[in-house]
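This report describes one protein chain. Please look over the sequence and the coordinates before reading on.

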Amino acid sequence: PASAVARDRRSAPSERIALGIVGLGSRGFNLIDAFLREQDAQIVAVCDVDSLHYRDRPWGQGTAFGREGAKKRIEARYGENSPGGRYRGLGVHADYRELCAREDLDSVVVVTPDHWHLLCALAALAAGKDVYCEKPLTHRFCEGQAICREVARRKAVVQVGSQQRSDARFRQAVELILNGHIGRVR
């Protein structure tokens with residue numbers, strides 16, 4: 001049936017978003033796992049200042065974060081089974097500027113500690129990439145203006161993550177409020 005064909009269809013390489021991920025801690029790994037499930041996106045490069053770390057756990061206990069952990073996780077998923085079957089290996093970087101300068105990326109995902117968000121996003125935009133960034137994108141109003149100017153200049157797409165706003169439970173709460181089910185909100 002046509003529906004079975006549509007479900008099994010793999011995205012052509014020209015229809016996949018080539019991603020670079022900057023920041024390979026706990027939240028970065030959450031996003032890596034989410035992107036690995038997507039057929040229309042492929043992680044082609046990662047970046048973190050740490051080769052290997054275990055967050056706040058004793059060394060060697062729990063999930064291995066950082067460049068080594070990310071590479072192992074991504075290569076275990078892709079290997080010969082990459083979207084479209086065209087896995088060419090993973091670019092691994094310690095400097096976000098190197099990752100942003102890659103010509104094979106469409107978009108950069110910024111999952112660093114907050115104080116790095118602006119710098120990584122601006123570098124990605126300046127390199128012609130679209131950006132997904134965890135919140136907060138900026139700390140000051142003038143930084144937000146700088147991002148807006150760069151987005152307009154590059155005609156880029158930027159999305160700032162706010163998972164609570166897209167979670168079904170939060171959406172239901174908004175609908176209850178908007179439809180007056182809890183009374184008048186002041």
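## Overall fold

The model is predicted, not determined by experiment. Its secondary structure amounts to eight helices and six strands. Along the sequence these elements follow the pattern α-β-α-β-α-β-α-β-α-β-α-β-α-α.

The chain has 186 residues, and 37% of them count as buried. Among the contacts in the chain with a separation of 6 or more, 64% are between residues 24 or more positions apart.

## The sheet

The six strands form an open sheet in the order β3-β2-β1-β4-β5-β6, and the pairing is parallel. Its edge strands are β3 (91–93) and β6 (158–160), each of which pairs on one side only. On average, neighbouring strands of this sheet are turned by 20° against each other, direction ignored. Strands of a sheet pair through backbone hydrogen bonds, either parallel or antiparallel.

Two of the strand pairs can be followed in detail. β1 and β2 run parallel and are joined by six bridges; in this pair, A18 stands opposite Q42 of β2. β4 (residues 107–110) and β5 (residues 130–133) also run parallel, with four bridges between them. Here V109 has Y132 of β5 as its bridge partner.

β1 is mostly covered, with five of its six residues buried. Helix α2 lies across β1 (17–22), β2, β4 and β5. The helix runs at about 155° to β2.

## The largest pocket

The largest pocket holds about 460 Å³ of space. Its lining is made up of 25 residues, of which G23, D48, V111, T112 and P113 are the closest to the centre. Two elements give two or more residues to this lining, namely α2 (26–36) and α5 (117–126). The largest contribution is that of α2, with three residues.

By residue class, the lining of the largest pocket divides into 10 nonpolar, eight charged and seven polar residues.

## H53, in a loop

H53 is found in the loop that links β2 (41–47) and α3 (66–78).

Which residues does H53 touch, leaving aside its neighbours within four places in sequence? The contacts of H53 are L24, G25, W59, T63, A64, F65 and G66.

## A126, in a helix

A126 belongs to helix α5, one of the elements that give two or more residues to the lining of the largest pocket. With a relative accessible area of 42%, A126 is partly exposed, because this value falls between the limits of 20% for buried and 50% for exposed.

Leaving aside its neighbours within four places in sequence, A126 is in contact with E150 and R154. A126 and C100 are 26 residues apart in sequence, and their C-alpha atoms are 8.6 Å apart in space.

Notes. Residues are numbered from 1 along each chain as its sequence is written. This is a predicted model: local features need pLDDT of at least 70, side-chain atom pairs count only at pLDDT 80 or more; totals for chains, interfaces and linings use all residues. Side-chain values use heavy atoms; hydrogens and water are left out. Contact means heavy atoms within 4.5 Å. On a 1 Å grid over the protein atoms alone, a cavity is a set of points where a 1.4 Å probe fits but cannot get out, and a pocket is an open set with protein on both sides within 12 Å along at least five of seven lines; lining residues have an atom within 4 Å of a point. Grid points are joined across faces, edges and corners, and a volume is the space filled by probe spheres set on the points. Ala, Val, Leu, Ile, Met, Phe, Trp, Tyr, Cys and Pro count as nonpolar, Asp, Glu, Lys and Arg as charged, and the others, Gly among them, as polar. Two strands pair if DSSP finds at least two bridges between them. Axes are lines fitted to C-alpha atoms, for helices over the stretch in contact, and angles run from 0 to 180 degrees between N-to-C directions. Buried means under 20% relative accessible area, exposed over 50%, partly exposed in between (1.4 Å probe, protein chains only).
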